[in-house]
Amino acid sequence: MHRYGLPLLLAAQFFMTACSAPTPDEKTLAGAAESNVIRIASRRLPPGFANPAVHSGQPSVDIWPAFYDGLTFIDASGEVVPWLASEWRLVSPTRWRFSFRQDVEFSNGERFDATAVKLAVDEILFGYGARELVRNSLLPTVASAELIDDFTLDINTYEPDPLLPKRLSQFYPLPPRYFAEVGPQKFARQPVGTGPFIVERWDAGRVLMRANPKSWRPPAAAGLEFIEIPEPIARRQAIESGQVHLAQYLTAEDGRDLGSRGITIKSAAEPRLRMIVYVVRDGSPLASPLVRRALNHAIDREAIVRHLLAGAGAVATQIGVRASEGFDHELEPFRYDPSEAKELLRRAGYPQGFELEMDLLVVTHTDRAVFEAILADLRDIGVRIKVNTMEYERWRTKLLSGDWRHDLFSFTVALDPLLDITRAWQYLSCDQPRPPFCQPEVSRLIEARGREFDPDTRIAMLREATRLMRLDPPAIPVHELAQTSGYRGLEGYEVHNLILRWDRLRLQSAAPTP
Amino acid sequence: MKSWPLITAVLVTVIVLIISLLEPAWLESWATERNLANRLQPPLSAGHLLGTDGLGRDVLARLLLGARHTFGIAAAATLIAASLGIAAGVLAAIGPALLRSAVGRIIDLTIAFPSLVLAVAMVAALGRGQLTLALALGLFNWPVFARVTAAETRGVLAQQYVTAARAFGVSPWRIVTAHVLPVIAPTLAVVVAFQFATLLISTAGLSFLGLGPGLGVPEWGAMLAEARAEMNQAPWLMLGPAIAIAWTVLLMNALGERVARRSRVAGNELL
Amino acid sequence: MNRTLRSLGNLCANIVLLVFTTLTLLFFFVRLTGDPATILSGESPDPAVLAAIRENLGLDRSIWVQYGIFWRNALQLDLGVSWVSGQDALALALERLDPTVTLGIAGLTLNIIIAVPLGAFLGATQNATGPLRVAHRVVNGIVVLAQGIPGYVVALVLIQWLAVDLRWFPSTGNVGTGSWVLPALTIAAFLAPKLTKVIAVNVADALQEDYVMIARAQGASEPAVVLRHALPNAILGATALVGTQLAGLVNGIIITETIFGWPGVGRLLLDSVLLLDFPVVQAVVLVTTVLVYLANWSADRAIERIDPRLVQR
């Protein structure tokens with residue numbers, strides 16, 4: 001064998017691989033230029049691909065509405081409006097009746113009807129491989145679904161659930177024939193929905209969709225291409241260099257910098273609250289309400305929002321977010337006053353401070369920075385905290401089983417899509433098997449409100465609960481989150497409740513497809 | 001022939017290490033003093049030689065404080081790897097043929113395992129923590145020690161005086177401790193130096209990926225991860241930890257080479 | 001013919017042993033973390049649900065029965081489904097293998113392209129005088145420095161300089177042509193310093209050999225001597241490094257894929273670890289291990305063909 005054989009062989013192999021492998025970049029670049037495809041830089045693609053029984057919430061809800069439709073829709077003012085479901089009413093306190101549109105087809109031609117909805121309900125409730133996570137967030141109270149006729153479905157719940165229509169805004173029906181044919185695994189890679197686009201390809205880092213002109217809400221663009229770019233720096237670079245039209249989840253600083261370079265920046269408040277929850281046990285310093293208040297006064301929320309979040313976000317004043325029902329807009333945040341905090345500690349009998357242990361979930365770098373600042377603030381008043389970092393799965397298990405072994409845990413609660421403030425409180429309810437902290441009055445209000453259908457009474461109950469929790473805090477609310485996106489060369493960008501109207505989005509120079 | 005630059009470098013490093021290990025109050029308060037309004041300042045700004053990090057803390061102070069973590073984990077991993085490796089190597093050299101081939105097979109297999117992959121998997125299974133990290137790194141880096149030990153031990157065992165000792169009935173254990181180990185010690189020291197450098201890089205690497213010690217610990221790899229996140233706002237932030245890591249690695253490499261040259265140790269097998 | 005058969009038989013035996021050890025280790029690792037059922041669904045405080053999930057996964061049987069079932073499935077190439085997406089774990093791993101292999105080959109090639117000329121230069125100018133000596137010192141200094149800088153630092157510097165400042169290349173692995181350049185360069189940065197050093201040493205040694213002096217005496221020019229005589233032997237000598245380089249390659253790939261968002265198997269591993277998605281972790285570890293072993297073996301066989309004395313067994 002020739003002496004240089006080995007290196008030549010390697011080089012040859014390299015060139016063969018590089019040249020022969022289809023470069024999707026080139027194909028889509030050329031394709032995009034011709035055919036009006038919008039390129040989007042996403043932070044993360046749905047981990048369950050496109051199977052709605054396997055995942056819910058973000059990041060799935062960022063992409064799925066491009067090819068799936070929910071039964072209802074939550075508009076800009078937070079009202080539930082008809083979508084695939086044309087109307088709904090209560091037949092009995094535990095029985096909702098939904099009627100559906102009759103003019104909708106799945107992209108493979110199958111008719112959309114009540115069977116499709118029932119299939120999806122059954123799949124989430126009983127399907128093999130379906131995840132509890134989805135059932136808990138979408139259909140926690142649902143016992144079963146009953147077909148009444150082709151376009152009417154009854155949903156039975158275990159207990160009265162006034163929020164069910166709102167929840168169904170993220171519930172997507174499944175095409176019965178196709179789903180039965182290919183099974184859940186294959187369906188996840190090649191989904192069929194009723195939405196404005198059809199999924200053409202779903203690879204490990206990108207999803208390509210083309211327009212579905214026969215959809216009941218046909219899109220303005222010819223196609224969408226989602227590219228997964230986990231690094232914030234890279235996402236910024238992608239939009240800056242024009243490689244994508246839209247970049248989601250930019251940092252606030254990026255937004256500030258890019259805004260002056262011809263890129264439209266949209267910042268929206270996310271209905272998410274970052275807080276630290278107290279796990280109160282006998283003998284722990286946290287058993288004293290003075291201590292629980294003291295910690296709330298020790299944290300400089302203002303500095304965190306201004307410097308670490310570049311102003312994107314709002315200081316939390318209570319355990320809820322501004323957009324949620326029952327939020328008390330008059331309430332002032334806890335005053336940042338370390339000396340008062342120390343005084344409260346002294347009165348509670350801890351002049352030297354004390355040590356606590358905390359379970360922490362950090363996902364992004366910003367999370368890390370914010371918690372480091374909080375821990376440093378607490379150390380300043382003498383409260384030393386030992387941190388136990390964990391991954392999302394472990395944290396979630398603990399949350400749902402209430403198995404907290406330490407004194408504090410971090411919780412960034414997402415109140416979308418329901419904007420239901422009690423979603424944050426439910427883990428503190430005395431009904432939980434092992435609540436970290438049980439306040440009977442608050443629990444009673446939560447439970448009563450859950451059964452209450454009159455909006456004014458509901459709001460009064462929520463306000464009362466908030467007032468009680470202010471006097472005796474079960475947690476340290478820190479700040480509300482905000483999301484920044486940037487785009488160029490696009491029109492029709494509309495976001496309601498964090499859901500983008502993909503059907504309205506289009507490239508600037510192109511005329512909307514007829 | 002002394003090398004003054006090398007000696008100075010070693011002294012400086014040792015002093016830094018001792019300070020870091022003692023964790024004096026002044027260092028701790030210097031490293032934790034923060035000012036959110038003064039974050040991400042470049043090097044040579046007022047009062048901060050290497051600038052400030054994302055929370056306005058002094059970078060130099062954090063580097064000093066964090067030395068014990070990075071060094072500690074790398075040292076623990078090296079210790080684990082060396083202990084396992086030397087023991088295995090000695091066994092392979094003096095044991096019966098079956099043992100020799102068994103150890104040889106295990107070495108081949110362990111080398112085939114991509115160490116970082118398994119270290120990551122281990123951290124997933126056992127949770128984060130300094131001990132897990134040291135264990136994961138040490139468990140997959142012992143083959144080098146084993147190979148060198150085995151080769152060198154065989155070399156010593158072939159010597160005449162050893163054969164003579166054996167003929168006199170001296171126990172193998174005593175042969176190993178009295179004759180073999182002292183002779184191969186310099187070679188092993190060189191391997192230790194080089195492996196320590198490699199493991200330091202791996203420690204910082206795992207920490208960089210987010211699998212290292214917890215929040216707020218100024219471990220150098222974690223500081224690099226922060227620098228990466230803030231690259232748009234503060235591209236200079238990576239200088240501090242990068243220089244610290246490079247300094248340590250180069251120092252250990254230089255030390256290793258010096259000892260190797262002194263004891264006239266052969267080159268290629270130390271790769 | 002006999003030798004080939006024997007060598008192939010050896011290979012199969014080793015791979016079987018490797019797969020067996022890896023999977024067994026992983027099987028017990030996963031059980032170490034506690035009850036997988038709790039991880040999957042400890043959500044519902046309802047013990048009936050927990051019991052159903054356990055039964056589904058077969059976790060209610062004894063550990064040895066589970067082990068048996070595990071192997072029965074593994075032999076049918078069923079390593080379970082991802083706990084996150086429900087997709088077949090092995091299929092997921094194999095699907096993302098292609099980008100990783102491409103990146104690996106690109107990185108290795110760049111590594112060779114960088115290290116061989118540099119190493120040859122360093123080895124040849126070891127005892128040079130004048131301007132060449134200065135050049136030698138400078139290049140040597142850079143290489144020594146590069147040995148101390150971890151590859152991921154180099155990646156960050158490259159990104160900052162070439163991608164963000166100069167905008168020559170994209171800083172992510174998915175967008176645009178040329179997106180492989182920076183990741184491949186990063187991988188080369190992991191491997192090149194050591195290879196350069198070894199080649200330099202080998203070239204310097206080879207230049208002292210008799211046949212080189214004879215060539216010089218016959219009037220061959222210095223560059224020709226280096227290229228035709230010293231370098232080939234130096235490269236062959238460096239083949240001892242193949243094992244270490246491949247191991248370093250895998251490590252480098254994981255970090256590089258994470259930094260650049262490259263959709264390969266390394267990033268899949270890290271993501272799955274963070275999501276505690278153990279079936280996928282198992283699949284990736286298995287695939288990587290077998291692949292690395294195969295690569296090592298092929299390299300050894302190729303080296304053996306060139307010069308049987310070089311094989312280290």
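These legends go with a set of close-up views of a predicted model.

**View 1. Chain A as a whole, a predicted fold with helices and strands**. Chain A carries 17 helices and 21 strands. Its C-alpha trace stretches over about 75 × 75 × 50 Å along the principal axes. A compact globule of 514 residues would have a radius of gyration near 24 Å, and the 25 Å of chain A agrees with that. Buried residues account for 49% of the 514 residues. Take the contacts in chain A between residues at least 6 apart in sequence: 69% of them link residues at least 24 apart.

View 2. The average pLDDT for chain A is 84, and 92% of the residues reach at least 70.

**View 3. Helix α7 of chain A, with a kink at A:Gly183**. This helix covers residues 176–189, so 14 residues in total, and a straight helix at 1.5 Å a residue would reach 20 Å. In the model, the end C-alpha atoms of α7(A) are only 16 Å apart. Where does the kink in α7(A) lie? Look at A:Gly183, shortly before the proline A:Pro184, where the bend is about 110 degrees. A:Pro184 is itself buried, and so are A:Phe179, A:Phe187 and A:Ala188. The cover over these buried residues of α7(A) includes α4 (114–126) of chain A.

**View 4. The side of chain A that touches chain B**. Here 19 residues of chain A are in contact with 16 residues of chain B. On the chain A side, at least two residues each come from α8 (232–240), α9 (252–258), α11 (301–308), α13 (365–380) and β15 (383–390). Which element gives the most to this side? That's α13(A), with 8 residues. By type, the chain A side splits into 11 nonpolar, 3 polar and 5 charged residues.

**View 5. Helix α13 of chain A, on its own**. Compare its span with the rule of 1.5 Å a residue: the 16 residues of α13(A) should span 22 Å, and the end C-alpha atoms sit 23 Å apart, which agrees. The buried residues of α13(A) include A:Val370, A:Phe371, A:Ile374, A:Leu375 and A:Leu378. Charged side chains turn up in that buried set too, among them A:Arg368, A:Glu372 and A:Asp377. Just after the helix, A:Gly382 takes a positive phi of about 100 degrees.

**View 6. A:Ala310, a positive phi in a loop of chain A**. This residue is in the loop between α11 and β13 (314–315) of chain A. Its phi is positive, at about 50 degrees, although A:Ala310 is not a glycine. Most residues other than glycine have a negative phi. Buried or partly exposed? A:Ala310 counts as partly exposed because it has 18 C-beta neighbours inside 10 Å, and buried would take 20 or more.

**View 7. Chain B and its loop residue B:Leu40**. Chain B comes to 11 helices and 0 strands. Its C-alpha atoms fill a box of roughly 75 × 50 × 30 Å along the principal axes, and 48% of its 271 residues count as buried. For contacts in chain B between residues at least 6 apart in sequence, 70% join residues at least 24 apart. Zoom in on the loop between α2 (25–32) and α3 (59–94) of chain B and you'll find B:Leu40. Phi of B:Leu40 is near 55 degrees, a positive value in a residue other than glycine. With 17 other C-beta atoms within 10 Å, B:Leu40 is partly exposed.

**View 8. C:Ala299 in helix α14 of chain C**. The helix runs over residues 278–306. C:Ala299 is partly exposed, with 17 other C-beta atoms within 10 Å. From C:Ala299 to C:Leu270 is 29 residues in sequence and 28 Å in space, C-alpha to C-alpha.

Key:
Residues numbered from 1 in each chain as written. Chains lettered and ligands numbered in written order. Predicted model: local features only at pLDDT ≥ 70, side-chain atom pairs only at ≥ 80, totals over all residues. Helix = DSSP H or I, 4+ residues; strand = E, 2+ residues; numbered from the N terminus. Bend = angle between axes of the 7 residues up to and from the residue. Buried ≥ 20, exposed ≤ 12 C-beta atoms within 10 Å, placed from the backbone. Contact = placed C-beta atoms within 7 Å. pLDDT = per-residue confidence, 0-100. Rg over C-alpha atoms; globule rule 2.2 N^0.38 Å.
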